[in-house]
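Colleague: I have a few questions about how the terms are used here. Can we go through them?

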Amino acid sequence: ARDTVPAYAQRLAGLPLDDPQALMGAWHELPLLRRAEVQALGDELHSRAVPADHGQVIEYHTSGSTGRPLSGVETELSHFFFGALNLREHLWQRRDFAGSFAAIRTNVAQAQLPGWGRAIEAVFKTGPAVTLPIHTPVERQLDWLLEQNPDYLLTHPSNLRGLLLLAQQHGVKPARLRGLGSFGGQLPDDLRALCRDVWGLPLADIYSCEEAGTIALQCPQVPEHYHVQAENLLVEVLDAAGRPCAAGATGEVVLSTLHNFAMPLIRYALGDFAQVGPPCPCGRGLPVLRRIHGRARNLLRLPDGSQHWPSFPARDWLAVAPVRQFRLRQTAIERIEVDLVTARPLEPAEESALRQMLQRRLGHPFQIVLQAVADIPHSPGGKFEDFVCQIDRQESAA
């Protein structure tokens with residue numbers, strides 16, 4: 001990176017690259033590379049001498065769900081690792097490759113496919129696959145899912161939650177469905193329980209990002225643990241002072257890619273926060289993340305200066321009103337605006353009960369403004385956040 005990537009020539013100058021022990025000592029002194037900087041540097045982060053045996057250079061684009069869309073490049077080799085980790089995830093979750101696989105996600109058309117993808121089909125004979133774009137209305141998604149009747153379903157967490165709530169309302173389930181997977185978004189606290197309650201199925205979640213691929217996979221023995229894919233990435237979880245977090249502590253996730261020599265990301269702070277987990281009893285030996293939190297913009301800011309990631313279990317909403325979808329936006333330090341999609345117009349008593357429930361969940365008597373809407377669209381990247389803070393840090397501190 002220092003020798004072939006213009007942006008790193010000065011950034012890595014002076015590092016003792018020929019002395020591994022000294023390098024590890026100096027590692028934490030390296031400045032973090034933040035998303036805005038990656039965006040500003042552009043092709044200054046691209047290598048001028050990609051090794052020929054790493055294959056072709058492939059361009060990618062992130063969704064821009066943070067408001068900062070990125071373009072980047074990777075090699076065929078780094079893409080190969082993504083396929084290998086995809087295969088590993090199927091094997092860990094003991095999926096039957098003879099079954100059918102459905103994906104409702106971004107960057108796909110509605111299609112019928114002969115197999116589960118090139119990486120899987122290179123090793124195993126698989127059943128067919130079907131895909132549906134994430135922006136399809138959830139009612140149509142459920143109809144499609146019942147028609148296709150797959151063995152496995154993969155989609156974004158917020159989309160899966162919408163499907164489950166609608167299926168619960170109608171009392172339906174694809175007859176053959178035996179496994180659920182999610183990726184590409186923060187996992188709501190109640191989603192695993194909702195999967196069991198509505199369809200009687202476990203959920204396997206994947207932690208990933210477009211810039212670096214698969215970050216961590218859910219342990220098949222201890223579902224609360226996510227195993228960092230350490231063969232593919234160096235993952236650090238750092239506290240506010242930039243020190244590594246101990247088990248049980250929450251900090252900022254910082255990545256260093258190990259195989260993408262076309263555009264190395266060294267100490268890249270992608271904006272996520274995670275809790276470090278203890279060693280896993282499963283014996284895999286990979287580092288553990290106990291919980292993946294949202295990004296800084298998903299932190300609720302309270303008037304006393306404290307912050308936390310709020311959660312909104314579906315049972316709390318449904319116990320009060322027929323809510324089909326919701327999104328909360330903190331627009332001022334004392335104000336929360338709530339977009340609501342409901343099965344029917346709410347009664348005044350239901351609205352009052354919703355406000356009280358939210359104030360309890362949020363831990364403060366915020367001004368709660370309810371707004372009925374016909375639909376709450378996903379971001380261009382297909383992601384959905386049920387809470388977003390829209391005030392800046394200076395205002396919240398004041």
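Colleague: Which residue of β21 stands opposite Leu-328?
Modeller: Phe-387 does. Keep in mind that this is a predicted model.

Colleague: What makes β18 and β21 a pair?
Modeller: Pairing takes at least two bridges. Strand β18, residues 323-332, is joined to β21 by 3 bridges. So the two count as paired. They run parallel.

Colleague: What is the strand order in that sheet?
Modeller: The order is β20-β19-β18-β21. The sheet is open, has 4 strands and shows mixed pairing.

Colleague: Why are β20 and β21 at the edges?
Modeller: β20 (367-372) and β21 (387-389) each have a single partner strand, so one side of each has no neighbour in the sheet. On average, neighbouring strands are turned by 20° against each other, direction ignored.

Colleague: Which helix lies across β18, β19 and β20?
Modeller: Helix α10, residues 348-362. The helix runs at about 130° to β20.

Colleague: Why is α6 called roughly perpendicular to α7?
Modeller: Helix α6 (residues 138-148) and helix α7 (residues 157-170) pack at about 75°. The range for roughly perpendicular is 65 to 115 degrees. The angle falls inside it, so the term applies. The axes of the two helices are 10 Å apart.

Colleague: Which residues make that contact?
Modeller: From α6, Val-138, Glu-139, Gln-141 and Leu-142. From α7, Asn-159, Gly-162, Leu-163, Leu-166 and Ala-167.

Colleague: How do the residues of the contact of α6 with α7 divide?
Modeller: Into 5 nonpolar, 3 polar and 1 charged.

Methods. Residues numbered from 1 in each chain as written. Predicted model: local features only at pLDDT ≥ 70, side-chain atom pairs only at ≥ 80, totals over all residues. Heavy atoms only, no water. Axes fitted to C-alpha atoms, helices over the stretch in contact; angles between N-to-C directions. Contact = heavy atoms within 4.5 Å. Parallel < 35°, antiparallel > 145°, perpendicular 65-115°, else oblique. Nonpolar A, V, L, I, M, F, W, Y, C, P; charged D, E, K, R; others polar.
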